[in-house]
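User: Hi, I'm new to this one and would like a careful walk through it. Could you show me the sequence and the model before we start?

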Amino acid sequence: MTITRRTLLRSSLVAGATLAGAGGKAAAQPGSAAPPAQDPAPPHQHGAPPAQDPAPPHQHGAPPAPPPHQHGAPPAQQPPPPTTLPVAPPTLGRGTLPGSRVAVPNGAVLPWTARGGVKIFHLRAEPLRHQIAPGLDVEAWGYNGLSPGPVIEAVAGDHVRIYVTNRLPEPTSIHWHGILVPYGMDGVTGLTQPAIEPGKTFRYEFTFDRAGTFMYHPHADEMTQIALGMMGMIVVHPRAPAPRRTRDYALMAHEWKIPIGTRRADPLAMNDFNVLTFNGKAFPATAPMVAEIGDVIRIRFGNLGPMDHHPLHLHGHTFELVGTDGGAVPASARLPETTVLVPTGTTRTIEFVARAAGDWPLHCHMTHHAMNQMGHDAANLIGARTDGLDAGLGRAAPGAMVMGAGGMGDMSRMAMAKPSPSIAMLGGDGPHGMIDMGGMFTLIKIRDRLTGDGDPGWYKPTSGAASEATPDELARDGITE
Ligand SMILES: [Cu+2]
């Protein structure tokens with residue numbers, strides 16, 4: 001049977017109203033923090049970032065430095081019309097440049113060039129088309145064709161010059177969140193600088209004073225620009241190399257309200273966010289992180305969602321909070337945790353040692369944040385007696401059927417046609433069936449040995465999964481009901 005999601009939602013509402021009317025029963029850190037040092041450092045390096053060179057001297061395969069536009073540039077050009085939006089390149093598991101030490105699942109590191117001892121970067125604020133998961137392509141705003149924008153990666157003490165070109169249809173600016181910049185470089189429109197008008201390029205210049213995990217975002221029409229996807233992370237490595245191999249990952253959390261069947265997030269939303277993402281992707285589109293047993297895994301979380309904080313929970317391991325956007329957490333102040341709260345407007349950096357092989361989930365523990373595109377106005381039918389409703393509904397809405405009376409886990413198992421663009425409410429196929437989570441959910445795939453940095457596929461455990469108990473087992477242990 002095929003029904004549309006919209007029909008489903010409507011039918012649920014109709015059914016709920018019908019039941020109510022009939023009196024139906026309803027049942028009711030930064031990187032500078034020293035990694036744990038329990039084990040001697042393996043001699044080899046992280047598979048992807050080869051260098052522990054604290055200041056990679058080489059130039060990345062970067063495009064030539066942008067022409068240094070000056071403030072008194074020619075009059076603004078109109079930004080390109082939406083029909084000519086650049087399409088973000090396909091995202092793979094890694095977004096790492098040669099020499100870079102941070103891996104960005106589904107994302108990228110911003111190329112740079114060196115000139116006269118200064119690292120030069122170029123960000124373009126622009127509209128773009130972005131795929132949150134197959135089936136859900138949206139019109140977003142971001143940087144250099146990406147949302148979140150590419151990670152700015154540097155080393156403590158680096159002097160940087162960052163050009164920002166505005167290709168948006170309205171003024172913007174960039175604030176360097178957590179970086180101790182000179183006042184005039186703080187990026188607050190109207191306060192520390194004039195707005196960057198459409199078509200203009202501004203120059204920011206400062207020194208990264210310390211290692212850590214920071215962010216960048218507009219301080220101009222913040223509500224709109226951030227809601228539409230304008231944000232990025234900044235990773236500043238310590239000058240001293242890490243004492244042992246570290247898998248260093250950056251994940252930016254975001255939340256979007258994208259009404260089903262539409263292509264643009266609603267920047268006016270204050271609640272009912274229905275699409276939750278890590279680095280712009282909702283599970284099952286989130287690329288997994290990988291590590292080998294014994295690796296230090298560092299995950300730098302950022303959150304620039306409009307309203308919500310995210311308690312991010314890791315399976316199979318405990319970790320320590322080693323840094324925030326304020327600085328390193330002293331070793332004496334680190335608590336063992338399995339969940340870290342990442343409030344909006346903060347970064348939180350955790351570290352742990354990969355202890356056991358598996359495909360370990362990492363997800364927001366707010367249950368609505370570990371699901372995909374819900375319509376929150378659907379009626380709750382759990383426990384409702386829906387006998388006979390299908391026939392009645394079929395007369396009013398041909399093809400409709402009632403679902404959800406026994407829970408909502410079946411909603412993705414039904415091969416329903418969905419309005420375009422939209423994605424199923426629940427996650428994706430796992431090795432034992434449907435994984436009933438989506439949204440802000442990803443996996444850390446840990447193996448004894450990896451052959452590369454790509455997705456190693458599903459873990460094949462050497463011991464058995466939980467499975468149906470046998471009659472003998474039940475009898476042995478006195479389980480009679
Ligand atoms: Cu959350």
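Analyst: What follows goes from the chain as a whole to some of its strands and sheets.

Analyst: Please keep in mind that this is a predicted model, in which local features need pLDDT of at least 70 and side-chain atom pairs count only at pLDDT 80 or more, while totals for chains, interfaces and linings use all residues. Residues are numbered from 1 along each chain as its sequence is written.

User: What average pLDDT does the protein chain have?

Analyst: The protein chain averages a pLDDT of 79, and 72% of the residues score at least 70; pLDDT is the predictor's confidence in each residue, from 0 to 100. Over residues 1-96 the pLDDT is below 50, although this stretch has 205 contacts in the model beyond near neighbours in sequence, a contact being two residues whose C-beta atoms, placed from the backbone, lie within 7 Å. Where pLDDT is low, the predicted coordinates should not be read in detail.

User: How many helices and strands are there, and what share of the residues is buried?

Analyst: The protein chain has 4 helices and 23 strands, where helices (H or I, at least four residues) and strands (E, at least two) are DSSP runs numbered from the N terminus. Of its 481 residues, 46% are buried, and a residue is buried if 20 or more other C-beta atoms lie within 10 Å of its own, exposed if 12 or fewer, and partly exposed in between, with C-beta atoms placed from the backbone.

User: Which strands form the open sheet with 4 strands?

Analyst: Its order is β4-β9-β8-β6, with mixed pairing; two strands pair if DSSP finds at least two bridges between them. β4 (152-155) and β6 (175-177) stand at the edges, each with a single partner strand, so one side of each is left without a neighbour in the sheet. The twist averages 25° from one strand to the next, with axes being lines fitted to C-alpha atoms, for helices over the stretch in contact, and angles running from 0 to 180 degrees between N-to-C directions.

User: And what holds β8 to β9 and β6?

Analyst: Strand β8 (residues 212-217) runs antiparallel to β9 and is joined to it by 5 bridges, with F214 opposite I234 and M215 opposite M233. β6 is also antiparallel to β8, through 3 bridges, and there W176 has Y216 as its bridge partner.

User: Why would you call β8 largely enclosed?

Analyst: β8 is largely enclosed by the rest of the structure because 6 of its 6 residues are buried. Both of its faces are covered, with G212, F214 and Y216 buried on one side and T213, M215 and H217 buried on the other. In a regular strand the side chains alternate between the two faces of the sheet.

User: Is H237 buried or exposed, and where does it lie?

Analyst: H237 lies in strand β9 (residues 232-237), and H237 counts as buried because it has 28 C-beta neighbours inside 10 Å. Between H237 and F208 there are 9.8 Å in space, C-alpha to C-alpha, for 29 residues in sequence.

User: Switching topic, how does β5 pair with other strands?

Analyst: Strand β2 (residues 118-133) runs parallel to strand β5 (residues 159-166), with 6 bridges joining them, and K119 has V160 as its bridge partner. β5 also pairs with strand β7 (residues 201-207), in the antiparallel sense over 7 bridges, where I162 stands opposite Y204.
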